[in-house]
Amino acid sequence: MIKRPFFAITKPKLRCARIWALPKETLVEIPPPKTAVFLVKGPLPKADELMVRVGDRVRTGRKVLPAKDRGEGFISTVTGRVSGISFCTGTMGQPYTSVCVEADDQDQWDDSFGLQAKEPSLSTFVDFLGDVPGAPDFGSLLKGSPAVETLVVLGTDEDLVVTKNQFVVHEEAEALKQGMEVLKKLSGVSRLLLLVPDYLKEEAEKIGVEVNVMKPLYPDTLPKMIMKNLFRKPVPVGKKCEDLGVGFLSAEAVAALGKAFSEGKAPIHKRMTVIQKDGSTVQARARIGTPVKDVLKALNIETHHGDRVVLGGAMTGRPAFSGEAPVEADTDAILVQDRTQIIPSSDSHCVNCGECVRVCPAKMPVNLLIRYLENSLFEEAAQDLDLFSCVECGLCSYVCMVRIPIFQYIMLGKQEAARIRSAEEAHA
Amino acid sequence: MLSQKLLVGSHAPYWHNGIGIRDKSAHTILAALPAVVMGIYQFGVPALGVMALSISCAMVWELILNRVMKRSVTLGDGDAAGIGLVFGMMLPATAPWWVVVLGTAVAITVGKWIYGGLGCNPLNPALVAIATLIISYKGIMDFDLAYLNYDFSFPAPDPLKAVKAFGPDAAARYSLTGLLMGQQVGGVGTVFGLGLILGGLYLMARGLIRWELSLSYLVGLVAAAYIFNLSNPEKYAGPWFHLLAGYTLLGAFFLITEYSSSPVNPIPMILYGAGAGVMTILIRNVGGFTDGVVFAILLFNVANPLLDRIRPRALGRS
């Protein structure tokens, strides 16, 4: 945990983890799970919409779409029998359909991707590769209007403790190069750019693509901040980066893409940083769908009642409510915290210390915003106090002196304000 | 089910920089100590009595108000102790016990809790109490009367009062070094300029107070005093005298920086600080009160919500 420095006259500089700053770590291979769990966004499909049923068999590398007419699906990373389909709720009330697959001992590879990979097209990306490690959103990236002109491949990592993209630039340069070539050929994007932290510049240049460097400081690593600082095009409120013609993909996803096409197999492994209770880190590679408890067991990390397990980085990750939660395509890190390390939120009033206002990269009036949001004035917050300018970095909560869960309030406010607006539009 | 292992689920972020409101209070108290210790050394045991009573009374009132308002006990955050400390620092060492009890009651009740407690007060609680005493009881805050029985090695009249009555010639009796080193009468914790400056620099470097407020206040005050002095040197004392006399330094580092009643955006902070500095000199030189710090800061406390509307454009707004 990065503590407040003794002298704090300027706002904090949070340096993202660097791979050379980490102690020599070997990649720990997590054994394939006995039961793999796959989460698909969206509520449980009705019986007549279900495309997969309990007892069905799936093969490794097969794309499974649980519901008819819904694009969301998953690539099975094990061969086995579907043992359960149920409904679950994620953070901020996001509904998920969870599909459990009991794995056999031997993998049997499905060849549907291999066949498509021989003559790849744009639809291969959209249909098949949305679930590669890094969870790239090819759909909105490549089919958007206006078309994306510049595609930024992120060799930097967004969150503080995450290092997967940096490892890709460092260790998987060949796959990254292949992925970028495939991407350029198929997408027709005019400019492909590799963005890396300054210390990886030389290695990145060896790949032979256009390279840009940046200081790996949080939250400058977030796409909206890159738009502002690198492209000098702040994303207007209510728009996405793609609307300005710039798309972002993680180096991990592009390298997985390259590997997928060269090997003819859909990628099933996910690399992640596991941060143990004592702060030390382990690099691990597990199949997507492996329950977190299996990962922790393989690494001999014990959790007890009241501990916290986070899927993702320290600033933007999601909580795992139980050990059954699976490793997903975007689980870049697993952060394990002892219950004594958890700094609880409080229900105190804002004291107006101004730390959040100083630290906010979007220059939002967070001190006023929190007063509005605490009183459920979501619409007013969106209208008068720039609620939708938020880049979702979480720094406001990180520095809050009275430990108000400001970031949570902001996310709730955004969700509620959007819901109110869409309800109003529906009734207009 | 109850024996099942459950994990704590909460929203991001999962790290915190570790600072809490208790740290802020503790460091503010630490930063004020040099000035308080010097005051106790200078004015003797009565000063210690005033400080001890003020801090403890403020905490007792806080506890009572916690109970009355049916809120959880908030003594641990140190805010009440901080208010008691700053209030005590402004009192003369000879202040009678009931003044301390009454003052802290006003500070904690009227200054803080009727608005909802920590963070909700529109005015600085310690200043509300001092202003109430100044207006309600003539003579209590008169430092000439308070130290009548003391025998000092330095000029005993209250410098600001002397200048107000006899013009800048009276200021010549006070050396600037003397004022800096605490050779003046005044509140227990307000006379030792150097101690207050050191405390203020410490808080600024730690990022616990907003330096823009303190510096703009001092710049505003010095500039206004300089202009007055330039316009009529025979009537108005110089800026450095005003910088070191009275509550100025306490105001700059411990009063104007109170979180809840001051703005947070850059331009408002500078306007707020400079405005309060100018207003302090206006009250001292033109107004009816001896020291302008109390009412100048209170006045700008009221202007704070309006000033803080001037804010930078948020990301993605045209």
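This is a predicted model: local features need pLDDT of at least 70, side-chain atom pairs count only at pLDDT 80 or more; totals for chains, interfaces and linings use all residues.
1. Chain A contains 14 helices and 18 strands. Its radius of gyration is 22 Å, close to the 22 Å that the globule rule gives for 428 residues, so chain A is as compact as a globular protein of that length. Along the principal axes, the C-alpha atoms of chain A fill a box of roughly 60 × 55 × 50 Å.

2. Within chain A, 48% of the 428 residues are buried, and of the contacts between residues at least 6 apart in sequence, 68% join residues at least 24 apart.

3. The contact between the two chains draws 62 residues from chain A and 41 residues from chain B. On the side of chain A that touches chain B, the elements giving two or more residues are the strands β16 (308-311), β17 (318-320) and β18 (333-337), together with the helices α13 (395-399) and α14 (406-427) of chain A. By residue class, that side of chain A comprises 34 nonpolar, 19 polar and nine charged residues.

4. Chain B is divided into domain 1 (21-136) and domain 2 (157-305), whose centres, taken over C-alpha atoms, are separated by 21 Å. Their contact takes 33 residues from domain 1 of chain B and 27 residues from domain 2 of chain B.

5. On the side of domain 1 of chain B that touches domain 2 of chain B, at least two residues each come from α1 (21-43), α2 (45-68), α3 (79-90) and α5 (125-136) of chain B, and α1(B) gives the most, with 13 residues. The residues of this side divide into 24 nonpolar, eight polar and one charged.

Notes:
Residues are numbered from 1 along each chain as its sequence is written. Chains are lettered from A and ligands numbered from 1 in the order in which they are written. Two residues are in contact if their C-beta atoms, placed from the backbone, lie within 7 Å. Helices (H or I, at least four residues) and strands (E, at least two) are DSSP runs, numbered from the N terminus. Ala, Val, Leu, Ile, Met, Phe, Trp, Tyr, Cys and Pro count as nonpolar, Asp, Glu, Lys and Arg as charged, and the others, Gly among them, as polar. Domain bounds come from an automatic or database domain assignment. The radius of gyration is taken over C-alpha atoms; the globule rule is 2.2 Å times the number of residues to the power 0.38. A residue is buried if 20 or more other C-beta atoms lie within 10 Å of its own, exposed if 12 or fewer, and partly exposed in between; C-beta atoms are placed from the backbone.
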